[in-house]
Amino acid sequence: MTGTILWFKRDLRVADHPALARAALIGAPVLPLYIVEPGLWAQSDADARHYGFLRESLVDLKDRLDRIGLALVIRVGEAVTVLEDLRARHAITRLISHEETGNGWTYARDRAMAAWARGQGVVWEDLPQSGVVRRLRGRDGWAAARDRVMAGPVAVPGRVTMLADVASSALPGAAALGLGADAPQRQRGGRAAGLARLDTFLTERGQDYRRAMSSPLQGATACSRLSPHLAFGTISAREAEQAAARRAVQVRGTGDGWPGSVQSFRARLAWRDHFMQKLEDEPALEWRCLHPAYEGLRPAIPDAARLAAWQKGETGLPFVDACMRSLAATGWLNFRMRSMVMAVASYHLWLDWRATGAHLARMFTDYEPGIHWSQVQMQSGTTGINTLRIYNPVKQGMDQDPTGAFTRAWVPELAAVPDVLLQEPWRWDGAGGLPYPAPIVDVKQAAAWARDRVWAVRQGDGFRAQAAQVVRKHASRKDAKGRFRRDPVAVKQAKKDSRQMGFDF
Ligand SMILES: Cc1cc2nc3c(=O)[nH]c(=O)nc-3n(C[C@H](O)[C@H](O)[C@H](O)COP(=O)(O)OP(=O)(O)OC[C@H]3O[C@@H](n4cnc5c(N)ncnc54)[C@H](O)[C@@H]3O)c2cc1C
């Protein structure tokens, strides 16, 4: 009897799993497989924190598969080699998985996989699991189509039988894959942890979301913290959206913060698909400026001393350093802080976004290539279609960390500095004796210098015509406005949100 391989990638769950539901429908014995691919873990965007989260999620997935009579098979190796070995031994004729909008490496691997499947006569069904559309013709109507997917029924599998006698390997340790140390305060993986996050966010933590999301201290609790779960697929985006939609009905008209918070959260889930669609449509945005006129603007080989200072949190700019150190330890920053550290790297320190973006990719437990590279380019001013956001890190520190508690927690060298000068310790009389570096740039001068250079590019011949092409391909459309027009609270919030994000809604 022939069998079906159910290939898990970034969809580590059993609930709302269209590929599992499809495998059950076909009825052939199923081999649930996860492949640990050394080539993937050798990429410059990979880190032990991703692998740690993945391992915990696989343990949880194994338990849930056991409950429906399936035993997860782990294999280590390059995907095509592993698949071919299983095909030859177990008469596999079908491969079912979910589409992945991943990095350049997974894109190339998927093409190799498609060639292998064609060559061996294996039917490969690669199904969507979010609002991202493969081979999209254009953005018109995309938002409405995405909303239909999100409102659609969650996938429920029928009965499945396990393909007998398939050996599984042990999960390798991080060191065996050449990975370093994990983040000491990283979020835990696994669906159980994700479900708890979703539930506590929608019933307890999220009430103040809209007001507190940009605070480095409060944001850690007030934000959903679902991002790594959505990235590794322990929870589907549809499950999160539908839970939020149910909550929106419960809290309608309460006027206590909940309605706006739930609306803002749902808007962000929509942005998730919106940004991932960009990489799906243009894989090169991981390594090429979206607007070609910005290519070569910053030195291709970044200034090593500046890059290292930024990565280690030793720029002499207290709030930037606190964010970078906190990120290294926890694997997370809120959106505003991510934007600021990226903008400081790109404008004030004038570092190429490819090097700094790869560092942040390694540091974010929730690294999601589609969101990440789109945002990295947006915050670096290389899309040609977004408002330039050159955050002043001193002002951000004062605004977002008014008590200084966050900065002091991560930059203890500043203990002696009085509160009023915490974000500008170089202005303090005792600065010379501090075990803390002087700022590596003058914030105001560096920002003005960078702004002039970016604006000069915008004045160049043909800039507008090329920007119009980027808009046609990637910008959100009127139907997104129409979607919210029915609900005045949502319209107001959506406009505010998009201003904060720095893009035209
Ligand atoms: C330079 C930069 C890089 C980023 N890289 C990533 C990344 O690799 N992975 C990632 O998940 N997010 C990324 N973001 C977006 C955002 O900062 C995180 O999604 C968010 O901080 C995660 O915390 P949360 O789950 O508590 O978010 P919440 O505020 O609770 O939002 C809920 C979910 O909506 C989605 N979301 C939220 N904000 C955005 C946004 N601005 N754009 C697209 N989707 C969004 C995420 O899936 C998130 O989990 C990046 C932002 C910037 C500025």
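**Around the ligand and between the helices**

Biologist: Let's start with the ligand in this predicted model. How many residues surround the ligand, and which are the closest?

Modeller: The shell around the ligand is made of 30 residues. Among them, the closest ones are C223, S224, S227, R268 and H372.

Biologist: Okay, and which elements give two or more residues to that shell?

Modeller: These are helices, so here they are with their residue ranges. We have α10 (227–232) and α12 (258–281), and then α15 and α17 (369–380). The largest share, six residues, belongs to one of them, and that one is α12.

Biologist: Now zoom out. Which domains does the assignment give for the protein chain, and why does the ligand shell lie between two of them?

Modeller: The domain assignment lists domain 1 (3–129), domain 2 (191–281) and domain 3 (286–459). Two of these both give residues to the shell around the ligand, so the shell lies between them. Those two are domain 2 and domain 3.

Biologist: Where does domain 1 come in? How many residues does each side give to the contact of domain 1 with domain 3?

Modeller: The C-alpha centres of domain 1 and domain 3 lie 37 Å apart. For their contact, domain 1 supplies eleven residues and domain 3 supplies ten residues.

Biologist: On the domain 1 side, which helix gives the largest share?

Modeller: By class, the side of domain 1 that touches domain 3 has two nonpolar, six polar and three charged residues. The largest share of that side is three residues, and they come from helix α3 (residues 48–67).

Biologist: Back to α12, then. How do α11 and α12 run relative to each other?

Modeller: Helix α11 (residues 237–251) packs against α12 at an angle of about 160 degrees, with the axes 9 Å apart. An angle over 145 counts as roughly antiparallel. So α11 and α12 are roughly antiparallel.

Biologist: Is that crossing left-handed or right-handed, and how do the contact residues divide by class?

Modeller: The crossing of α11 and α12 is left-handed. Residues in the contact include A240, A244 and A248 of α11, along with V262, F265 and L269 of α12. The contact divides into five charged, one polar and ten nonpolar residues.

Biologist: Next pair: how do α15 and α16 run relative to each other?

Modeller: Helix α15 (residues 335–348) and helix α16 (residues 353–363) pack at about 155 degrees, and their axes are 10 Å apart. That angle makes the pair roughly antiparallel.

Biologist: Which residues make that contact?

Modeller: The crossing of α15 and α16 is right-handed. From α15 come M342, A345 and S346, and from α16 come W353, T356 and L360. In class terms, that is two polar, no charged and four nonpolar.

Key:
Residues are numbered from 1 along each chain as its sequence is written. This is a predicted model: local features need pLDDT of at least 70, side-chain atom pairs count only at pLDDT 80 or more; totals for chains, interfaces and linings use all residues. Axes are lines fitted to C-alpha atoms, for helices over the stretch in contact, and angles run from 0 to 180 degrees between N-to-C directions. Helices (H or I, at least four residues) and strands (E, at least two) are DSSP runs, numbered from the N terminus. Angles under 35 degrees count as roughly parallel, over 145 as roughly antiparallel, 65 to 115 as roughly perpendicular and the rest as oblique. A crossing is left-handed if the near helix is turned anticlockwise from the far one by less than a right angle, and right-handed if clockwise. Two residues are in contact if their C-beta atoms, placed from the backbone, lie within 7 Å. Ala, Val, Leu, Ile, Met, Phe, Trp, Tyr, Cys and Pro count as nonpolar, Asp, Glu, Lys and Arg as charged, and the others, Gly among them, as polar. A residue is near a molecule or strand if its C-beta atom, placed from the backbone, lies within 6 Å of it. Domain bounds come from an automatic or database domain assignment.
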